[in-house]
Every structure is written in structure tokens, then in C-alpha cells.
Amino acid sequence: MIFDETYRPFFEVAQHGIYDPAFGVCDVQLAAVASRTGKRAAALASSSAGALPAFASFHEPGAIDQLLTTDVDFVCIATPDDRHFAAAQAALTAGKHVLIEKPSVLSLQELDQLEELSRQHGVLAKVVYHKLLDPDHKKLRTLVADEELRHVNNGYCTLLEPKSISGGQFAEWIHGRNPGTYVAVHYIKLIDYTFGGRLSSVSCTGQRGIVGPADGTTWDSTQLRLVYRYESGREAAFDIHTSWVTPDNFPGYVEQEVQFRFDNGVWNAHSRKRGVECTVEGRTPLARKITINNHYNGTFLEPWGVRSQRGYGLEVLERFAREVATVEFGGAAAARDDRLQAARGLAYNDVGADRQTVAAVQAMEAILACHAKGKPNCVVEVDHALGGLVLLTPGQEKPEVLYAGRVNR
Ligand SMILES: NC(=O)c1ccc[n+]([C@@H]2O[C@H](COP(=O)([O-])OP(=O)(O)OC[C@H]3O[C@@H](n4cnc5c(N)ncnc54)[C@H](O)[C@@H]3O)[C@@H](O)[C@H]2O)c1
């Protein structure tokens, strides 16, 4: 899905070259694809003839290893979230720059390994969090950075996916998964990146019974709470509600809403109040969405007569390609390491800056796993005396250490 939505249009344009005075013109060509069965890659090859160059296709078993024998410069990983780590590990070990869809990985242990491999092999390991490039979120961050909005106290975010996602699109891999890891992570990152601070605790609950059995491990909806502490000594709490069982004909389609309350202000955003509502008889809300986010990823007839597809969902991929091009071609070979370090310093997408987001995901997954075993309402404390992530279970004296190292180094 995400390949068709964003990578495909990105590659269609970038093959004609991206430009920067530092690296000149750099063509970015889709060279090879690894997928589970190869069927979608074959469909892409036939539907994109003329729009994309011919590419190699590899499928399971051994798809990624075969892809890594080709001469690719970077690898984008858009497999289901519990299959990011193995592919990223293999690509970094092969000395390829890597871009991973959100969430990067599901545990800090995995994140540590990817960070270490990227250092050992002198390549970038980055994550796609396109919401950070949404102009509305850039404005929020600007107002916070400029201290026009002062000290966030609390807030809520919700993101509701339609049933077609859990029941159709993701049916192959949804067993044992939850919508929080899939989409709350957008807001975990937004909160973490925009407001800074130190994550101090994570709690979560959820509901089952639609996607899977009511006592099983597959979740319909989740409610996550994060508590942060700031240098001022003050705290903030954020609630993030997600679902992938909202009716398919719900007008919002992917319904998104946030509210952040500051000492001196309130920020409200709602996907259905973004500005455009369009109804077309027989088309909306299924074939076409009623509320259109033309900023994320839109197809347009430009005023100068050409068709285009653009938006921050594609821009985030181009930024990564520019970072790779800058490292490889943006100056003298002797200064490559300086350029690599500069690219690693970009906290919006580097795996090294993804620690608190992955910590929140790992904690949420552990809390839901306990809940499914009949022990609801656990809490994970971050950078506790016993370890970086410590699971506290009601009625159980002994805490469980999920991650021994410090989350915040
Ligand atoms: N940035 C966003 O807003 C956004 C939106 C949707 C999905 N995503 C992320 O993208 C990723 C994929 O989601 P999707 O919706 O595109 O899923 P999808 O099910 O449509 O596609 C998954 C792809 O992974 C491939 N795959 C599965 N197992 C594999 C394996 N072992 N080896 C090689 N290939 C394998 C499949 O062939 C398929 O092409 C997820 O991490 C998801 O969180 C991000």
C-alpha cells in the first residue's frame, strides 16, 4: 500500500534526477524489489512500463538476500512492522543506506543493533515519519520552538483506520498485532520530536473481538498514555487513541484529530476540518474520500498543464535521497565522514533519535501482551532504577526488565 502511495510516484519523478548545488544532478532509479510473493512486483512492472525503468524482482524465500547481491545504493523497507528489523539488519550489514517505514523496529534491543551496524558500515539508517513534514505540524513545532506556545501540559490524539485495513489489506499479517504500533506511532513521534522532554512512563489498554477473538492477541483498538518530564521539572501527559475497525463508510476515512494544551494556548487540529469536503455521487466516501488531504499526497493537473503527484508523503522520501546523495557525492571523498555525521545529526529521521518512540512502542506491545495473558493495567517505567524499560504488573511484586540499558543516554 505505502509503496504504491508514495514510493512509486517518488521514483517516477526522481529517476529524472534530483538536484542540489552540493551534489549536482543525481538520478534515483528503482533498481530492484524484494517482496513476499513477487505478484505485486510483477503487477507494478506491467502497470509502470514507460513510467519506471525495468527493475529486478526477488521474492521469498531469500528475497532480501538476493536483492542485496545487486548494486543498489540504498534500500527502503516497507514490510509489515514486525518484519522491518531482519531486512534492515541485512541491508546495513551489506553496507547499504537504509530507510525504514514507521515504526522503525519494535524494541530498543533491535534499535541498538541497527544503530551499531550503521556506524560499523558507515551508512545511514533512517525512519519515515512523514507527519513531521505536514505543514500544520511544522507550524506547531515552530510556535513551540519560538516559545509562542509555552509548556505543553497535556493533549490527546486519535487516528482511526477503516475496517478494510484490518479485514482486507492487512489480513495476511494482522494476527497478534495492534493498531497502536501501526498508527499511534505517528503521534508518539510527533509529540516526542515537537515537545522534547524525557519519556517517564507508558500505560495502555485496548479492545478485542472484531478482528480476532475477544480473549486473543489481536487488537481492534488501543488507548495509550505517555507521561513526559521536562527540564523545568514539570510533566505532561498525552493520550493516543487508535483503531482499525472504524466503518468503511465513515466520512473521515482515516480520522485524525489532536488537541494540545499549553500554559498559554490550545492547538486543535482535525482532519475533517482541514478545509476541503467534496462529495461525488456514487464515488464518495469509498472510491474517493470526502475529506481530502491534498498536502500529504495528491494527484493534480498543474496550472502549466502537466499532471503531477506531490505532497509531504513523497517529500519525506526525497529528503532521504538527498541526504544519501549529499553523503556520497556532496564533496570531497575525504570529507565523507563529516557529511555522514551531519546527516546522522538530523533528529527527525535518524534511528539514533528514535529511542523514546521505540521505547513507547516496546512498552505498549509488552503491556498488551500481558493484558492478553489475563494481566491488564500494567505500567512501564522508563529509566527506572532497575533498567531502561521496567514493566510493573498489578499484584506482582517482581518487576520485569524489558530493556536493561538506559533509554536516555
Ligand atoms: N508512512 C505511512 O503513513 C504509512 C502508511 C501505511 C503503511 N506504512 C508502513 O509501511 C509498512 C508496510 O505497510 P503497507 O501498508 O504498505 O503493507 P502491505 O501489506 O500493503 O505491503 C507489505 C509489503 O511487504 C512485503 N513483504 C511482506 N513480508 C515480506 C518478507 N518477508 N520479505 C520481503 N517482502 C515482504 C509484501 O510482499 C508487501 O509488498 C508498515 O511498516 C507500515 O507501518 C506507513
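Student: What should I know before I start?

Tutor: The model is predicted, so local features need pLDDT of at least 70 and side-chain atom pairs count only at pLDDT 80 or more, while totals for chains, interfaces and linings use all residues. Residues are numbered from 1 along each chain as its sequence is written.

Student: Which domains does the assignment give?

Tutor: Domain 1 covers 2-131 + 304-352, and domain 2 covers 135-194 + 205-224 + 240-294. These bounds come from an automatic or database domain assignment.

Student: How many residues does each domain put into the contact?

Tutor: Nine residues come from domain 1 and nine residues from domain 2. Two residues are in contact if their C-beta atoms, placed from the backbone, lie within 7 Å. On the side of domain 1 that touches domain 2 there are six nonpolar, no polar and three charged residues. Here Ala, Val, Leu, Ile, Met, Phe, Trp, Tyr, Cys and Pro count as nonpolar, Asp, Glu, Lys and Arg as charged, and the others, Gly among them, as polar.

Student: And how far apart are the centres of domain 1 and domain 2?

Tutor: 25 Å separate the two centres, taken over C-alpha atoms.

Student: Changing topic, which residues come nearest to the ligand?

Tutor: Met-1, Ile-2, Ser-35, Arg-36 and Glu-101 come nearest, out of 21 residues around the ligand. A residue is near a molecule or strand if its C-beta atom, placed from the backbone, lies within 6 Å of it.

Student: Which elements give two or more residues to that shell?

Tutor: They are α1 (2-14), β3 (32-35) and α3 (63-67). Helices (H or I, at least four residues) and strands (E, at least two) are DSSP runs, numbered from the N terminus. By class, the shell has 11 nonpolar, three polar and seven charged residues.

Student: What does β3 pair with?

Tutor: β3 runs parallel to β4 (residues 56-59), joined by four bridges. Two strands pair if DSSP finds at least two bridges between them. Ala-34 has Phe-58 in β4 as its bridge partner, and Ser-35, one of the residues nearest the ligand, stands opposite His-59.

Student: Where does the chain go between β3 and β4?

Tutor: The chain passes through helix α2 (residues 39-47), and this β-α-β crossover is right-handed. Right-handed means that, with the strands pointing away from the viewer, the path from the first strand over the helix to the second runs clockwise.

Student: Next, the nine strands of the open sheet. What is their order?

Tutor: The order is β13-β12-β8-β11-β10-β9-β16-β17-β18, with mixed pairing. β13 (266-270) and β18 (400-403) are at the edges with a single partner strand each, so one side of each has no neighbour in the sheet. From one strand to the next, the twist averages 15°. Axes are lines fitted to C-alpha atoms, for helices over the stretch in contact, and angles run from 0 to 180 degrees between N-to-C directions.

Student: Do β16 and β17 run parallel or antiparallel?

Tutor: Strands β16 (residues 379-384) and β17 (residues 387-392) run antiparallel, joined by five bridges. Val-380 has Leu-391 in β17 as its bridge partner.

Student: Which strands does helix α11 touch?

Tutor: Helix α11 (residues 355-372) packs on the sheet and touches β9, β10, β16, β17 and β18, and its direction makes about 35° with that of β9.

Student: What about the open sheet of three strands, in which order do they come?

Tutor: The order is β5-β6-β7, and the pairing is parallel. The twist averages 20° from one strand to the next. Four bridges join β5 to β6 (residues 97-101), and Val-75 stands opposite Val-98 in β6. Helix α4 (residues 84-93) packs on this sheet, touching β5, β6 and β7, and its direction makes about 170° with that of β6.

Student: Last topic, which residues does the cis peptide bond with omega near -15° link?

Tutor: That bond runs from Lys-102 to Pro-103, and Pro-103 is in the loop between β6 and α5 (108-121). Another cis peptide bond joins Thr-284 and Pro-285, with omega about 5°. Pro-285 is in the loop between β13 and β14 (298-301).
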